[in-house]
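Reader: Hi, I have a structure to go through. Can we do it in short questions and answers?

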Amino acid sequence: MYLNKLTWTLMLLSAMGFSYPSKAQVPAEGNDIEIAAKDSVFIGRFCNKEYDVYIDMDLYHQNRLIQGQEFLGEVPGYLGDFKDARKWIFTDATFIDPHTIQLSITNDYGSEDLEATLTYIPKDSTYTLRQGKGSAIKIARNRKWVKIPNTISFKAETKK
């Protein structure tokens, strides 16, 4: 049943002209954004322990595969949940400045989407995700949907 819904959703998105970007949208060499790319601040896995969610991303090469959803191909990244298999997929990532990215995000059903910004804060090495226009990001808790806050912080994942 789940696979049929997902297959139909993907076919519908394809028919509407929806596609994942094939290249990072990093402007030409020699500017501040190119320098940020060399710093690799937007590559890795970052966690929010309060909500038990994480971001896995490589916004420069846009080559992340989602485990169990490899048929979607490479994407810039996604927001995952340690307690649930659902994902919020980054379908587009555009640099605004060396520490800020504009994201287009959709859920793994393709039924909800939103725009957001992800900002790296060098002072404390955190990332702030701010939801903008569109749907609210929701996660499943105790068989109910719970909206995460419009602004949420992430830190680099630490090895245990």
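Reader: Is Tyr54 buried or exposed?
Author: Tyr54 is buried. This is a predicted model, and the relative accessible area of Tyr54 comes out at 7%. The cut-off for buried is under 20%, so Tyr54 falls in that class.

Reader: What sits over the ring of Tyr54?
Author: The charged end of Arg45 does. It is 3.9 Å from the ring centre.

Reader: Let's turn to aromatic pairs. How many are there?
Author: The count comes to 8 aromatic pairs. One of them joins Tyr54 and Phe82. Their centres are 4.8 Å apart, with 40° between the planes. That pair is tilted.

Reader: Why give both a distance and an angle?
Author: Because a pair of aromatic rings is described by the distance of the centres and the angle of the planes.

Reader: Where do Tyr54 and Phe82 lie?
Author: Tyr54 lies in strand β2, residues 53-58. Phe82 lies in the loop between β3 (77-81) and β4. The two parts are 28 residues apart in sequence, so the pair ties them together.

Reader: And how does Phe82 count for accessibility?
Author: Phe82 is partly exposed, with a relative accessible area of 40%.

Reader: What about the rings of Tyr60 and Phe95?
Author: Their centres are 5.4 Å apart and their planes are at 25°. Stacked means planes under 30 degrees apart, so this pair is stacked.

Reader: Which parts does the pair of Tyr60 and Phe95 tie together?
Author: Tyr60 is in the loop between β2 and β3, and Phe95 is in strand β4. These parts are 35 residues apart in sequence.

Reader: Are Tyr60 and Phe95 buried or exposed?
Author: Tyr60 counts as buried at 8% relative accessibility. Phe95 is buried too, with a relative accessible area of 8%.

Reader: Which residues form the aromatic cluster?
Author: Phe42, Phe46, Tyr60, Phe95, Tyr120 and Tyr127 form one cluster.

Reader: Tyr120 is in that list. How far apart in space are Pro98 and Tyr120?
Author: They are 8.7 Å apart, C-alpha to C-alpha. In sequence they are 22 residues apart. Pro98 is found in the loop between β4 (84-97) and β5 (100-107). At 21% relative accessibility, Pro98 counts as partly exposed.

Reader: What does Thr128 touch?
Author: Leaving out residues up to four places away in sequence, it touches Thr117, Leu118, Thr119, Ile121, Thr151, Ile152 and Ser153.

Reader: And Gly132?
Author: Gly132 is also placed in strand β7, residues 126-134. It counts as partly exposed, at 42% relative accessibility. Leaving out residues up to four places away in sequence, it touches Leu114, Glu115 and Ala116. Gly132 and Leu114 are 18 residues apart in sequence and 6.6 Å apart in space, C-alpha to C-alpha.

Reader: Now the whole protein. How many helices and strands?
Author: There are 2 helices and 10 strands. Along the sequence the pattern runs α-α-β-β-β-β-β-β-β-β-β-β.

Reader: What share of the residues is buried?
Author: Buried residues make up 41% of the 160 residues.

Reader: And the accessible surface?
Author: About 9300 Å², of which 52% belongs to carbon and sulfur atoms.

Conventions. Residues are numbered from 1 along each chain as its sequence is written. This is a predicted model: local features need pLDDT of at least 70, side-chain atom pairs count only at pLDDT 80 or more; totals for chains, interfaces and linings use all residues. Side-chain values use heavy atoms; hydrogens and water are left out. Helices (H or I, at least four residues) and strands (E, at least two) are DSSP runs, numbered from the N terminus. Buried means under 20% relative accessible area, exposed over 50%, partly exposed in between (1.4 Å probe, protein chains only). Accessible areas come from the Shrake-Rupley method with a 1.4 Å probe; for residues, only the protein chains shown count as cover. Contact means heavy atoms within 4.5 Å. Rings of Phe, Tyr and Trp (its six-membered ring) pair if their centres lie within 6.5 Å; planes under 30 degrees apart count as stacked, over 60 as edge-to-face and the rest as tilted. A charge sits over a ring if NZ of Lys or CZ of Arg is within 6 Å of the ring centre and within 35 degrees of the ring normal.
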